[in-house]
Every structure is written in structure tokens, then in C-alpha cells.
Amino acid sequence: MNVIVVGGGISGLAAAWEAARHGASVMLLESSDRLGGKLLTSHVGGSLVELGPDSLLTRTPSALELVDSLGLDLVAPTASRALLWSRGARRPIPPGLVLGAPPNLERALSSDLVGPITRLRAAWGVIARSRRGHETDDLGRLAAWRWGRTWSERHIEPLVGGINANTIVGLSARVSAPSILSMPPSGPPAPAPSRPTRPAFVAPSGGLSTLVDAVAQVLVDLGVDVRSSTSVTELAPAPHGTAVTTSDGSSFSADAVVLAVPAFRAAEILAASAPEASLLLRGIRYASVSVLALSIAPTLAPSLKGVAGVLVDRREGLMTTAVSLASEKWPHWAGDDALLRVSAGNLHDVRPLDRDDDRLRDDLVAEAEGILEATLEIRDARLARWTNAFPHFAPWHLDLVERIDRELRDALGSTVALAGAWRRGSGIPTCIASGRDAARATISRDN
Ligand SMILES: Cc1cc2nc3c(=O)[nH]c(=O)nc-3n(C[C@H](O)[C@H](O)[C@H](O)COP(=O)(O)OP(=O)(O)OC[C@H]3O[C@@H](n4cnc5c(N)ncnc54)[C@H](O)[C@@H]3O)c2cc1C
């Protein structure tokens, strides 16, 4: 069986790996001149820095299997304490919450981010054993019902909103916060989890680009034909499978195709052959974000020692959503200078897009100085703009994904499968799982 994978981001790489190791003859087509998509390791001031994602969660077995098979040296964060910039001050985010939600009374009553009335309201939500909210998939509404609006805004919004470049109002709870949904509504404090065998987050010591390079090497070893600078424009049904057309007019035929590209690109590619699926894909919105990596003189306040980062309360009105103290957080980023990563922009805040690079850099430095209450002595800087990078998971997004799959099957049978961050969540492990699932779906069709 021959399989074409379109898109060389982590979803496409995982799909190609899965198909090839199950004996398929695989071709991987990537439009840009490099593999990895959003995974982009760079250097600033001579130190390693990630301009896209900086780590991956270790909870998804499907992702770990791939990562472990590569034999990469993985490192864990050396700092995990997080702060919130809210009401003009840095405040500790209490530990033991589940994506900001209080799992028990003790946690609800001990947060210093909010006043006593808000704590009592959250505690009432814990005691009331409320299942209310299960009829909605809107995380903002669900969290406000359960623990109160102020609690949600100070604890859940900065974390889950930040991860998804969005607000939690209008965000699918099932996609963005399944662990909140699976929390028992109340009950005694959960027993302390048994000591985890590995840290929750890891990163390859050489940066995430080494993960990309390692997968690419395995693909070559498995005989995968990897072609960069090859943009796919169209898929069409062919007598035995699918014809894949590229922008230079070439056409390849495949028994099966995995499309592992952003939803709006999949919409373009499927416009003629699966118009209904294409229309639905086109409706998925995306948020643009910017990352400013700064190498600075190591003169930060001692109170920031051991702090991984500062999240920003949206109500502060800043463009910045988080300041990561990267060289505190990651041992492999530590050098003579300190490293900061300032993240900005989300679905509802497009101010970074209106500014040219110099202005954006100056504005983000000024915001970081305010948040860190320090004058930064900048030695080097890199700005990365990620346009249309984070899919928006609207309430009932998973139903939409099912509909898209149905429409695609109706139009093209089971010869084409979809993968990518837009399906079930944008975390790297979820992307790896989506790529592997899509590849397996095409392979099992052949059996
Ligand atoms: C700033 C930032 C920080 C993040 N932080 C984290 C984090 O810490 N941890 C985490 O787990 N996740 C994080 N994420 C999310 C994660 O990086 C992405 O969701 C994930 O990398 C997306 O992978 P993908 O393969 O689905 O898509 P992409 O990486 O977008 O890959 C799609 C690929 O398809 C190619 N392509 C597009 N059109 C065509 C075409 N017509 N023909 C051929 N090829 C095409 C593109 O060039 C691209 O290489 C972050 C993302 C960003 C932007």
C-alpha cells in the first residue's frame, strides 16, 4: 500500500512514522523548506531557545512511544512555580489545582489570588457536588457555574486560556480541559498520587528541533520519500485511490492520503473533491500569537529565583499573556545571560498584528519590565510571529470534527484521513496521536 502524508509538522511526521513502520510505502510532502511546522528551536545570545512550543506533556502514551523510540536525551523543568500578574502585582498561583479548578475544599479555601467571598463561592461549588454545567461545552460558563466567575477568571482563564491563545468563554471544555470535566464533583481530598515515574513535562536537551530531526532520520531509515518545498494544492479521486496535485503541477497517486495541515489549508486542498467537508473546515478560526525571546543581563530580583513564569490576568489589558523565565525553567537553556520568552496575542487580541516588529518588540519589552518590575538590559532578541497558529475550539468542537470526517468519507470514501492540531487539541502529544490515528485508519482500511 502506498500512502502520501501531506504536511511535515509533528502530526504529519507521526503519521508517516506510523504508516511506514506498518509496512506502507510512504511519501511525505511538506510545503516549506524545513520539517517540524510549529516546532522551531533557535538561538538568542548564544543560548538555545524555542520560538514555538518549549515542552511536551508526558501523559499521552501514544506520544511517548514515538519520543522514547528515538532515544533522545530528555530534560525536565528545574522550576515549576508560576505566578500571576493581576491587579498590578505578581501573586503566587496556588499549587494542587486542576487546570486552575479546585479539586477539594482545602484548595478552594487556600488561594491568595482572590478574596474570602470568592473563596467561599468556590468552596460552595465543591460542596454542592454540582454537576451543573454538564449540559454546556463552554468552559467559561461551566467554570463560572461551578466555582464562580471571579475564581474562573483568576485561576482557570490565565492557564487554559493562555495555553489555547483564547479566552475560556467560548472555548470547548471537552477539548481544552477534559481533566476538569472528569474531576469528581466533590468528595474528600483525592489521595496523593503515587510518585510519578517521570516528570509531567519534558523537552529534548537539544531542543524540540532535535525531535524533528530524529523522526526525520527514522523516516529516511524506513524508506520514506521525504520532499520539502512541495506544496499540495488538490486531492481528487482516482481509479485506485487518490490523485495528489502539487503547486508545480506534478501529480502523485496514492492508495491513501493523510492530510496533516491546518484546517484552513485542508479546506483549500479539499475544496473541489469534498466541498462540504471543506466548508466546515474553513469555518474553524485561528489565533495568531507572537513570541519574543530575550537574552538579558542576569539581574532579575531574587524573588524570581525558581519561578518558571508569570501568567498575565487578561483584565490587566496587556498584550502579553505570559513571561516565561526560560533559563530558570529549563536547565538546557541556562547560559551566562538570563533568557526570557514573552508571549503575546490571542484570538481576541490582535494588537500585535497591527504593530511592526520594532514597535511590537519595544512594547513587549516595556510590558515585561512592568511585570517583572525590572529594567531589562537586553543583549539579544528574536521575535517570532505565528500567524493563524492556534485553532479555536468552539463549544461542541468534537461534534464538528465528527461531521467533517463523515462529509469527507461521503465524498472520498476512506481513502483520505485528516490529522493535525485542529482536531482534538493543539498539544504536541495530541498531534502525535492524531497523526498516528489517521495513519492507522488508512492502513486498517487496506486489511
Ligand atoms: C508559540 C507556540 C507555543 C506552543 N507551545 C506548546 C507547548 O509548549 N507544548 C505543546 O505541546 N504544544 C505547544 N504548541 C502547539 C503545538 O506546537 C502545535 O499545535 C503543533 O506543533 C501543531 O502541529 P501540526 O503538525 O498539527 O501542525 P503544523 O506544525 O502547523 O504543521 C503543518 C505543516 O503542514 C505544512 N503545510 C501546510 N500546507 C501545506 C500544503 N498545502 N502542502 C504541504 N504541506 C503543507 C506546513 O508548512 C507545516 O509544516 C505551541 C504552538 C505555538 C505556535
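Mentor: Start with strand β18, residues 338-344, which is mostly covered: seven of its seven residues are buried. Buried here means under 20% relative accessible area, with exposed being over 50% and partly exposed in between (1.4 Å probe, protein chains only). Strands are DSSP runs (E, at least two residues) and helices are too (H or I, at least four residues), both numbered from the N terminus. Keep in mind that this is a predicted model, where local features need pLDDT of at least 70 and side-chain atom pairs count only at pLDDT 80 or more, while totals for chains, interfaces and linings use all residues. Residues are numbered from 1 along each chain as its sequence is written, and side-chain values use heavy atoms, leaving out hydrogens and water.

Now look at which way the side chains go. In a regular strand they alternate between the two faces of the sheet. In β18, A338, L340, V342 and A344 point one way, L339, R341 and S343 point the other way, and all of them are buried.

Next, the neighbours. Two strands pair if DSSP finds at least two bridges between them. β15 (residues 286-296) runs antiparallel to β18, joined to it by seven bridges. β17 (residues 320-324) also pairs with β18 in the antiparallel sense, over four bridges. R341 is a handy spot to check: A293 has R341 as its bridge partner in β18, and S324 stands opposite R341 too.

Let's zoom out. The domain assignment, with bounds from an automatic or database source, gives domain 1 (2-37 + 208-284 + 394-446), domain 2 (94-181) and domain 3 (286-391). The centres of domain 1 and domain 3, taken over C-alpha atoms, are 33 Å apart. Nine residues from domain 1 and five residues from domain 3 make the contact, which means heavy atoms within 4.5 Å. Together the two domains bury about 480 Å², 72% of it on carbon and sulfur atoms; buried area is the accessible area (1.4 Å probe) that two parts lose on being put together, summed over both. On the domain 1 side, F264, I284 and S426 supply 62% of the area buried against domain 3, more than any other three residues.
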